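Please read it alongside the sequence and the 3D view.

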Amino acid sequence: MTETERQERLEEYCFNNMEKLKQTCYPKICKIGGISQKDHDDLHSIALEALRDSVERYNDSHDCKFSTFLNGNIERKFNTYIRNKNRIKRNGYEDNPISFVSLDTPIGEEENATLSDIIPSGFNIEEEVSKKMGFSIDDKVEKYLNSLSVKQRGIAELIMEGYRPSEIKEKLKLTEKQYIYYIKDMKSFEKSRVLRYMGYVRIREEKKMRQEVNTQTLEKNKDDRLSVFSIIKKIDNYTVRFDHPLQRSSEQWDSKMKGNLISDILQGNPIPEIVFAEQVINNLAIVWDIDGKQRCTNVHSYRYDEYRVNKNVTRGDIFYQAIIKDKNGKPILDKNGFPQSEKREFDIRGKKFSELPEELQDRFLDYDFKIVQYLNCSSEDIAYHIARYNNGRPMNASQRGITRIGEEFASIVKNISAMSFFKELGGYKVSEGKNGTVDRVVVESVMATNFLNDWKKKQEDMCEYIKENASIEHFECFEEMVDRITNVGNEEVYNMFDSKDSFIWFGLFARFADTGLEDEKFIEFMKEFTSDLHNKVVDGISFDDLNGKSTKDKSVVVGKIMHLEKLMQEYLHITNEEDKTEEIATLNFVKDNVDKDITEEDISDYEEDLQTFIHGVDDKSKLLDGQNHNSIIAIIAYSYEAEIPLDDWFIEFFNRNNTYMRNQKANYLYMKQDLDKFLNKEKESYCSIPSIALRCKAMG
């Protein structure tokens, strides 16, 4: 073929997103069957390579059409791809020497991490996706894969292709610690249940709930009993929700605690009640788990062979009655026609559910939990019950604190905690992602970046303060900061963001953000800090001296961040000179945060108003600092746009507060929220009738 003919062939098959080439491949791919979306992408790439090769090699001497020539080349390359893929799967672990060790052998540095966490378990991706439970296979797999982080998705795809753990770690450049973390999280209750979601059952159950939702009752709660089988079914059907934002995550128990739960169930021992709460949202009754999440999720996981009973379980020998059967499997009857039985003993240590005798499997599924269900609950009721049931129980300070922050903010905190920075990059332990520590880090960091001068030592107090004073914008600003550090950081810097010091560095970055410098400069400063600046003396003291005080008292926290800011300003040559373009900068700030139609003439009017407002304000107030000018002008502009009075609030606020946030957007949002609350309180104070007060609040 001539060069022109070759180009025409390529365009013919590649036009409209390779439409003709994909049509050529389609029957061949269907013939192969049982392949993933990644295989589809790989095979199309192989076909494109075969097309290029065929265009180069085909000429008039071939006794066939070009399409026939191309088909043969594609088919041969497809066969080679599938053969190589299957060979990898067949090899399995044959290249590795086998040594016999306990499944409970500790591995890595992580607390409670055992060998069973990284070997194949009953949770098999390929096996699960092959089960048809009302959803198409592709939908369920895609939903599961979408719930994973980038690294986890890479691991899942390599597992499905038959790669061994050692090969996966090498390909993805993962340490043993990272691999253990990713695998444990991929097998977690929240993620693995996606593959078992029984959508068609859920729809039927939801219809039933809609019919019943209008039924009102004066009862506050009711008692019930549910078998393990029923609880598992409700979990699979999503008719009981275990993902309330105020509730702590699953996987809180170590393997011995899980084993003791299974042992108690098989012995028939009493187990503390499980607590549910019904909440009606958009005319749909939702049942939330309040207490008992670990019990429910662990029996669910055991039923699906996702773990073995720990070898160190307190009581592993279980006695049970078994019907005696003949060699054909039929019960042997006594002279009265009743089945004969005998007492047997079975050691459950190291056993999955599928390895239990049939009698013990039935006993496990038939076990009844006592259920207490609260009815017609509000969001406040849910938060109250979660905190009440975990008071004095093994919920740590971080987990208790998050119950004080409110449902909306708790959900946002957990979403931020799930960012790749906290799950994959920062210097956090695996267990800290599960026990609420990372949630605490997020709360502390939002506090340090936005409300440093109101810092609270106790987590509960901090959460309550944020609930009353923060806005969604404060969390969005923090999330943006996390993304910025993620984009420019490196492993050395990422590791400095740990559960102890993260809020210090985020608090400092919020102040750096006001400088207008490139984010790489902040990373440069952090690297220099670890090398030399940590022991540099400023105002007679070094950061090492301050860091000896591990307390989270306000004076210590503020002192550390202020000290770091001085070091940063000196290292990056940051001065506090007034910007000559301040007027233009103020206009842009107000346009970006209040109204894009505001003009320079409007700014002049706001400046005049400011001179009026400051009469009656202490002239020593730091809020009148020139660096705080943009947010003050913005709040005046907001009062104009919203047509609300500012005089009384301005004097009250500026005399009540003597400091401001360097991040002017955050400071503006803080003042705006405070102003709105002030006006609402004033309206309520003028309304003597409750119904009128409510109408006034709604109008405000």
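The structure is a predicted model.

**Packing of α6 and α7**

- Helix α6 spans residues 150-160 and helix α7 spans residues 165-172; their axes come within 10 Å and cross at roughly 140°.
- The crossing of α6 with α7 is right-handed.
- On the α6 side the contact is formed by Lys151, Gly154, Ile155, Leu158 and Ile159, and on the α7 side by Ile168, Lys171 and Leu172.
- Sorted by class, this contact between α6 and α7 comprises 5 nonpolar, 1 polar and 2 charged residues.

**Packing of α12 and α13**

- Helix α12 (residues 255-267) packs against α13 at an angle of about 80°, and the two axes are 10 Å apart.
- From α12, the residues Lys258, Leu261, Ile262 and Ile265 meet Arg295, Asn298, Val299 and Tyr302 of α13.
- The contact of α12 with α13 contains 5 nonpolar, 1 polar and 2 charged residues.

**Strand β4 and its partner β5**

- Strand β4, residues 317-323, has two faces: Ile318, Tyr320 and Ala322 make up the covered face, whereas Asp317, Phe319, Gln321 and Ile323 make up the uncovered one.
- β4 runs antiparallel to strand β5 (residues 341-347), and 7 bridges join the two.
- Ile318, which belongs to the covered face of β4, stands opposite Phe346 in β5.

- Strand β2 (residues 274-281) is mostly covered, with 6 of its 8 residues buried.
- β2 is joined to strand β6 (residues 368-374) by 4 bridges, and these two strands run parallel.
- In this pairing, Ala277 stands opposite Tyr374 of β6.
- β2 is also joined to strand β3 (residues 284-291), here by 7 bridges and in an antiparallel arrangement.
- Ile281 has Leu284 in β3 as its bridge partner.

- Asp305 has a positive phi of about 60°, although it is not a glycine.
- Asp305 is located in the loop between α13 (293-303) and β4.
- Asp305 counts as buried because its relative accessibility is 15%, and the cut-off for buried is under 20%.
- Asp539 also has a positive phi, near 55°, and is likewise a residue other than glycine.
- Asp539 is placed in the loop between β7 (537-538) and β8 (541-542).
- Asp539 is exposed, because its relative accessible area is 64% and the cut-off for exposed is over 50%.

- Val442 is situated in helix α20, residues 437-450.
- With a relative accessibility of 0%, Val442 counts as buried.
- Val442 and Ser417 are 25 residues apart along the chain, and their C-alpha atoms are separated by 6.9 Å.
- Apart from its neighbours within four places in sequence, Val442 is in contact with Val413, Ile416, Ser417, Phe422 and Phe478.

Methods:
Residues numbered from 1 in each chain as written. Predicted model: local features only at pLDDT ≥ 70, side-chain atom pairs only at ≥ 80, totals over all residues. Heavy atoms only, no water. Axes fitted to C-alpha atoms, helices over the stretch in contact; angles between N-to-C directions. Left-handed = near helix turned anticlockwise from the far one by under 90°. Contact = heavy atoms within 4.5 Å. Nonpolar A, V, L, I, M, F, W, Y, C, P; charged D, E, K, R; others polar. Buried < 20%, exposed > 50% of the residue type's maximum accessible area, 1.4 Å probe, protein only. Pairing = 2+ DSSP bridges.
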